[in-house]
Every structure is written in structure tokens, then in C-alpha cells.
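User: I'd like to learn how to read a few features of a protein model. Could you take me through some, starting with salt bridges?

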Amino acid sequence: MPNDENVLNHISFIMDGNGRWAKKRLLPREFGHREGAKKFRDIVEYCLEYKKIKYVSVYAFSTENWKRPEKEVKGILNLFYDYMNTCIKENDKNKMRVRFLGNRSVFSESYQAKMAETEQVTSKYERTLGICINYGGKDEIVDAVNKLIAEGKTTITKEDITNTIYTGVMPPPDMIVRTGGEYRLSNYFMWQSAYSELFFTKTLWPDFSKKEVDELVEEYKGRQRNFGGVKNA
Ligand code: IPE
Ligand code: IPE
Ligand code: MG
């Protein structure tokens with residue numbers, strides 16, 4: 001039974017399938033990431049501006065993705081560097097707050113400075129894009145617990161963890177969409193996904209479309225969210 005009360009505040013994407021998209025065309029994987037980056041810009045804009053969803057987040061680079069060839073890793077990180085410059089330059093037009101979620105201490109000083117600048121320049125806007133980069137769900141929880149211990153806490157509550165993980169003020173995702181046909185979360189939003197509605201599509205990320213966003217959002221509206229309770233008890 002459709003549930004008209006399903007408010008969609010936060011949609012999240014595991015952008016998977018760039019490599020296979022390139023392989024199908026006999027192109028190097030980097031080409032897939034470049035196409036994927038273009039698609040990311042389109043879909044984010046569509047969700048925030050057209051669908052009026054307040055929070056969008058994306059899984060861009062995981063703590064496990066460092067296992068990939070150096071050339072591919074550099075290519076992905078450079079694409080996000082370019083994107084940060086665009087966000088800074090076009091902040092008046094996009095009117096969105098950009099936040100980076102993940103452990104940024106491994107990045108070069110200039111990369112970290114660009115992240116900080118992007119966050120600072122866009123901080124005046126309300127609708128938010130969270131970019132998970134060097135993000136790992138397990139690391140996130142361990143980091144939060146260690147931070148709380150360092151602050152002197154001896155007993156830790158769920159609220160403490162919720163407030164200390166990278167997403168902080170962002171609400172948990174109502175929808176998590178994984179493209180690319182894999183049926184797993186790959187260390188994504190382990191804490192935040194407790195009651196997220198999960199969607200999996202075989203579409204490779206560079207082939208993903210606004211139409212498919214529309215279809216998935218419609219499907220979401222038909223989902224019954226119980227949070228452990230009983231509807232109309
Ligand atoms: C997702 O696409 C992008 C990142 C993980 C950075 P993949 O590169 O994992 O694409 P496939 O899964 O190999 O097709
Ligand atoms: C998940 O995709 C990470 C991102 C989309 C950034 P992967 O391609 O790294 O996931 P696995 O290795 O197939 O689980
Ligand atoms: Mg993949």
C-alpha cells in the first residue's frame with residue numbers, strides 16, 4: 001500500500017559501474033570515471049534543484065579504493081579537484097552547501113585546503129551535497145568512538161555516535177541507490193543506513209538517468225517504512 005507520508009529528505013547514491021561502462025567500449029577505466037563525473041553533476045543538480053530534495057550524498061571514493069592502480073586513483077581524485085573548483089566558481093548559481101565526508105588527513109595539503117575552501121565558500125547555503133571521499137563506514141565509527149574517548153567520555157550513547165560521525169547534522173539517508181548491479185553496500189554508511197530504503201539497479205552509473213531517479217523516487221513513495229513499529233496499531 002502506498003504511503004503518502006514518506007518524506008524524502010535525503011537521497012544517497014553509490015555510484016558504481018564506471019569501469020565496466022568503459023570496458024564495454026574498449027576504453028581505459030579513466031574514461032568511465034570521466035563520464036561518471038559528468039553524470040554525478042547532472043544527477044546532483046536534478047535531485048537538489050528539480051526534485052527539491054534537501055540532502056544528496058554520494059559515495060565517490062572508498063577507503064578500499066586505494067587498492068586500485070595509482071593512475072586510476074589519481075584520475076578519480078583529480079576529477080573531484082576539478083569539481084571543487086567548479087563549486088567555488090559557480091557557488092552563486094548552484095546555491096548548495098558542499099561537505100566532504102571521510103578521512104581527509106591522507107590527502108596532500110593543497111587537496112585538503114581546496115576541500116576546506118569549497119566547504120567554506122558554500123557554507124551559506126542550506127541544501128546540501130555530501131561527498132564521501134576516502135570514506136569507510138567502519139573507519140567512521142571507529143574514528144567517532146576514539147574522538148569521544150579523547151574528549152573524556154567513558155560511556156558512549158547512540159546519540160554521541162550519531163553526532164560525531166562525519167555526516168553530523170545531515171539526517172540519515174531515506175533512500176540509498178546503488179547502480180552497477182552489485183547487491184552490497186561496500187562499507188557505505190554502516191551507521192546511517194540502519195533504516196534506509198535500499199534500491200539496486202543494473203544500470204551502470206554513466207548510463208544512469210533523471211528518468212530513473214523519477215522511477216526510483218516513485219517506488220520509494222510506495223514503500224512502507226515501519227521503523228520497527230506497526231502501522232495503524
Ligand atoms: C565506481 O565505479 C567508482 C569508484 C569506485 C570510484 P567502478 O570503478 O567501481 O566501476 P566498476 O564496478 O569497475 O564497473
Ligand atoms: C563502492 O564501489 C565504492 C564507490 C562507489 C565509491 P566498489 O566498486 O569499490 O565496490 P566493490 O569493491 O565492488 O564492493
Ligand atoms: Mg565497482
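Analyst: Happy to! This is a predicted model. Here, the side chains of Asp 16 and Arg 178 form a salt bridge, with 2.9 Å from N to O. Asp 16 sits in the loop between strand 1 (10-14) and helix 1 (18-24), while Arg 178 belongs to strand 5, so the pair links distant parts of the chain, 162 residues apart.

User: Are Asp 16 and Arg 178 buried or exposed?

Analyst: Both Asp 16 and Arg 178 are buried. They also belong to a network of salt bridges together with Arg 20, Glu 182 and Arg 184.

User: How many salt bridges does the structure hold?

Analyst: There are 21. Another one joins Glu 90 and Lys 93, at 3.6 Å from N to O. Glu 90 counts as partly exposed because its relative accessibility is 28%, and Lys 93 counts as exposed because its value is 58%.

User: Now helices. How is the packing of two helices described?

Analyst: Two values are used: the angle between the axes and the distance between them. In this model, helix 3 (residues 70-89) and helix 5 (residues 109-121) pack at about 35°, with axes 9 Å apart. The crossing is left-handed. Among the contact residues are Leu 77, Phe 80 and Tyr 81 of helix 3, and Tyr 111, Met 115 and Val 121 of helix 5.

User: And which residues make the nonpolar surface patch?

Analyst: Tyr 183, Leu 198 and Phe 200 make that patch, of about 280 Å². Tyr 183 lies in the loop between strand 5 (175-178) and strand 6 (197-200), and Tyr 183 is exposed, with a relative accessible area of 55%.

Note on methods:
Residues are numbered from 1 along each chain as its sequence is written. Chains are lettered from A and ligands numbered from 1 in the order in which they are written. This is a predicted model: local features need pLDDT of at least 70, side-chain atom pairs count only at pLDDT 80 or more; totals for chains, interfaces and linings use all residues. Side-chain values use heavy atoms; hydrogens and water are left out. Patches are made of residues with over 30% relative accessible area and no salt bridge: like charges are joined within 9 Å, nonpolar side chains (Val, Leu, Ile, Met, Phe, Trp, Tyr) within 5 Å. Accessible areas come from the Shrake-Rupley method with a 1.4 Å probe; for residues, only the protein chains shown count as cover. A salt bridge is a side-chain nitrogen of Lys or Arg within 4 Å of a carboxyl oxygen of Asp or Glu. Helices (H or I, at least four residues) and strands (E, at least two) are DSSP runs, numbered from the N terminus. Buried means under 20% relative accessible area, exposed over 50%, partly exposed in between (1.4 Å probe, protein chains only). Axes are lines fitted to C-alpha atoms, for helices over the stretch in contact, and angles run from 0 to 180 degrees between N-to-C directions. A crossing is left-handed if the near helix is turned anticlockwise from the far one by less than a right angle, and right-handed if clockwise. Contact means heavy atoms within 4.5 Å.
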